[in-house]
Amino acid sequence: MLQLIWFKRDLRVHDHAPLAAAAAAGRVLPVYVHEPEMLRADDHDPRHAAFVHECLHELRDALSERGVPLLELHGTLPEVFDALCEQLPVGAIYAHEECGNGISYARDRRVRAWAKGRGVALHELPGNGVVRRLASRDGWHEQWLQHVRAPRICAPPHMVGATAHELSLVPPQFVAPHADVSRVTTVPGMVNRQRGGRRNAEQLLRSFLHERGEHYRVAMSSPSHAIDACSRLSVHLTWGTLSVREAYHGRTRSCGAAS
């Protein structure tokens, strides 16, 4: 059976609990779905799409180095997953709980209902320290600290994926072509945007902790200095090229022990 890893706003292989759990359970099928309803949303912008495609480019490389491809699909959920399950032996789906907007919230509810009806195990693991369904706000900070202080999760060094025959059975109408980000760099507002990808996230974290953040408390309020003095990490934390735990520890490479 295949363990489907549903990448959403967690575009990395390091400190990725669903990826590690799926790899430990058996053969894996990493999937990212480009969803039309998200791309048409009022809060979506071409800059977001360019950033995500850069993140996906590095994620493809990171997964390929570990022996598996990233399957990029385009369509509405859970219809895409249902089509995959018709053709492939998907035993379970692993994903992070997402903190998004109303569209992603409704989509996640649809996927949960579909998985229950289809008999597919859906494992949603907490991400970024957010604890769902708390009866009270009392004690949330202690739970968040427990999450970020925990050891970072190592990326699996090697994984076994779907066979070439199985991948050939993926319904072609859902397969998404890889985007050429260079085609949209001339769109107004694109030239000075932040670039996506894990390498950029790591560079920003290092430069903030060791250089740019030296005068953060004062410079963050200055229109002329804040652009350099602030971390610039929010977009990377949003799309998960960097985990909150990695930012808290101040390191991205070592794992398996608290620091």
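1. Helix α5 spans residues 102–118, 17 residues in total, and runs 24 Å from its first C-alpha to its last, close to the 24 Å expected at 1.5 Å a residue. The expected span is taken as 1.5 Å times one less than the number of residues. Helices (H or I, at least four residues) and strands (E, at least two) are DSSP runs, numbered from the N terminus.

2. The model is predicted: local features need pLDDT of at least 70 and side-chain atom pairs count only at pLDDT 80 or more, while totals for chains, interfaces and linings use all residues. Residues are numbered from 1 along each chain as its sequence is written, and side-chain values use heavy atoms, with hydrogens and water left out.

3. Which residues of α5 are buried? They are Ser104, Arg107, Asp108, Val111, Trp114 and Ala115, where buried means under 20% relative accessible area, exposed over 50% and partly exposed in between (1.4 Å probe, protein chains only). These residues lie on the same side of α5 because they cover an arc of only 130° around the axis; the arc is that of the directions from the helix axis to the C-beta atoms. On the face turned away from the buried side, α5 carries the exposed residues Gly102, Tyr105, Arg109, Ala113, Lys116 and Gly117.

4. The cover over the buried residues of α5 includes β1 (2–7), α2 (36–39), α4 (79–87), β4 (90–96) and β5 (121–125); contact means heavy atoms within 4.5 Å.

5. After α5 comes Gly119, which has a positive phi, near 80°.

6. The largest nonpolar core has 25 residues, of which Leu4, Val31, Leu73, Phe81 and Leu84 touch the most other members. Such a core is a set of buried Ala, Val, Leu, Ile, Met, Phe, Trp, Tyr and Cys residues joined through side-chain atoms within 4.5 Å. Two or more residues of this core come from each of β1, β2 (27–34), β3 (71–74), α4, β4 and α5. The largest share, 5 residues, is from α4. Apart from this core lies another, of 22 residues, among them Val28, Tyr32, Leu56 and Leu70.

7. Not counting residues up to four places away in sequence, Val31 touches Leu4, Ile5, Trp6, Phe7, Leu70, Leu71, Leu73, Phe81 and Leu84.

8. How many disulfides are there? The count is 0, with a disulfide taken as a pair of cysteine sulfur atoms within 2.5 Å. Cys99 is in none, and the nearest cysteine sulfur, that of Cys55, is 18 Å away. Cys99 is exposed, at 51% relative accessible area, whereas Cys230 counts as partly exposed at 22%.

9. In helix α6 (residues 140–149) the buried residues are Leu145, His147 and Val148. Their arc around the axis is only 160°, so they sit on the same side of α6. The buried residues of α6 pack against α12 (244–249), and the face turned away from them carries the exposed residues Glu142 and Gln146.

10. His34 lies in strand β2 and is buried, with a relative accessible area of 9%. Its side chain makes a polar contact with the side chain of Glu72 (2.7 Å). A polar contact is a pair of N or O atoms within 3.5 Å; within protein, one must be able to donate a hydrogen and the other to accept it, and residues adjacent in sequence count only if both atoms are side-chain atoms. Not counting residues up to four places away in sequence, His34 touches His53, Leu56, Glu72, Leu73, His74, Gly75 and Ala176.
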